[in-house]
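Take the model below one element at a time.

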Amino acid sequence: MKQSLFIFLIIFSYLSPKCAEIQGKNPTPSFQDESKVSIVVIDAGHGGKDPGAVVGTAREKDIVLDISLKLGAYIKGSFPGTKVIYTRDKDIFVPLYRRAEIANRSDADLFISIHANYVSARSVQGAETFVLGQHRSEDNLEVAKKENSVILLEDNYSTTYEDFDPNSSESYIMFEMIQDEYLEQSVMLASVIQDQFREVAKRYDRSVKQAGFLVLRETTMPSVLVEAGFLSHQSERNYLLSESGRDNIANSIFKAFKEYKRRIEEKSSFNLVTNPEEKPVVHNEKKENSNTASNSYYSVQVAATRRSLDTKPSNFNGEKNIFKINTGKIHKYYSGKFESYDDAVAERKRLQGKFKDAFIVVFEDDKLVSVKKIQ
């Protein structure tokens, strides 16, 4: 009974409006899945009164800040049209919720948090990249505990994080219930980062992992947390203390970002273009708001992709009546089927807050035709 009550309280606190307000979450996040990667937030872990891991003269907060600034410089130098935002660009303390809030409010397409690791076993080494999820091993849980413990330095942390205790294993039960809608993209980036660490920086590859990081839980876009190496390992510590070592790490993450950006934009970018001569194959979705006796109807096109997307609500800002039509190599997505043009206009107006380029189309015998032809 106590355990059930405990889990209920966790779910309630996670879904509470107060929690969402504190975290700065947008209740209707912009359609990130297949959009261009034009805004990236780089999060240098720790800072100010929180030094992170410290071994001799090596301080995590200094090392990851330098890597973050180098990464940002690489991105801005190669992609001047991409906006780079830092959660901190100097030695200051930034609460975890504020870091995610910066990303959410800037409508970022990507969030990269950079850290360095530490364990008591001095032989452990290598780089690893985490995505949000439930830990699969005690080692992953310990990493999450270490990074989440920064909240203990924040004022009113118990209220802000709804009594979450970063040192209690029971607090991490909530991460078992999370289904991250950006997990696929996050894992893609994490995998490419690990490839670059192995091939470019010549780091020992500790692979992609999942763990319950608060900073990733609160972001509303694809997000990863990078552990660039272990300060507890002497040679790895020396590597991270060197200018060339930090540059190699930054360059590796940049190359991964470049590849991620290419994949997203070339394979999955939206192209809201309708060709009346295309011969679409209509899937057998249920027709909504339509007269089944009519051979023609209006609809609102909201997106088009080269890669097929599931029409589930989480992929389309919560919209439940999205249907898909394949037109050759392009997959197009529509909302509603209307006998009245005025009804289609009303639907387009309703959707424009979520899909600014939405427009009205007409189907006749399940083929796209000119709007003027049917009016």
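A residue is buried under 20% relative accessible area, exposed over 50% and partly exposed in between, using a 1.4 Å probe and protein chains only. The model is predicted: local features need pLDDT of at least 70, side-chain atom pairs count only at pLDDT 80 or more, and totals for chains, interfaces and linings use all residues. Residues are numbered from 1 along each chain as its sequence is written, and side-chain values use heavy atoms, with hydrogens and water left out.

Start with helix 11, residues 341-351. Helices (H or I, at least four residues) and strands (E, at least two) are DSSP runs, numbered from the N terminus. The buried residues of helix 11 are Ala344, Val345, Glu347 and Leu351. Seen down the axis of helix 11, they fall within an arc of 160°, so they line one face of the helix. That arc is taken from the directions from the helix axis to the C-beta atoms. Asp342 and Lys349 are exposed on the other side of helix 11. The buried residues pack against strand 10 (296-305), strand 12 (330-338) and strand 13 (359-364). Contact here means heavy atoms within 4.5 Å. At the N-terminal end, Ser340 caps helix 11, with a side-chain oxygen 3.2 Å from the backbone nitrogen of Asp342.

Now move to strand 8 (residues 223-230), which holds Val226. Val226 counts as buried because its relative accessibility is 0%. Beyond four places away in sequence, its contacts include Ile112, His115, Glu128, Phe197 and Ile253. Ile193 is also touched by Val226. The C-alpha atoms of Val226 and Ile193 are separated by 8.6 Å, although the two residues are 33 apart along the chain.

Charge pairs come next. Side chains of opposite charge can pair when their charged atoms come close. A salt bridge is a side-chain nitrogen of Lys or Arg within 4 Å of a carboxyl oxygen of Asp or Glu. By this rule there are 21 salt bridges.

Glu347 is buried at 12%, whereas Arg350 is partly exposed at 44%.

Helix 10 (residues 243-268) holds Arg246 and Glu243, 3 residues apart. Their salt bridge brings N and O to 3.0 Å. Asp66, Lys70, Glu243 and Arg246 are linked in a network of salt bridges. Arg262 and Glu259 also lie in helix 10, and their side chains meet at 2.8 Å, N to O. Arg262 is partly exposed at 32% relative accessibility.

Technical notes:
Polar contact = N/O pair within 3.5 Å; in protein donor to acceptor, adjacent residues only side chain to side chain.
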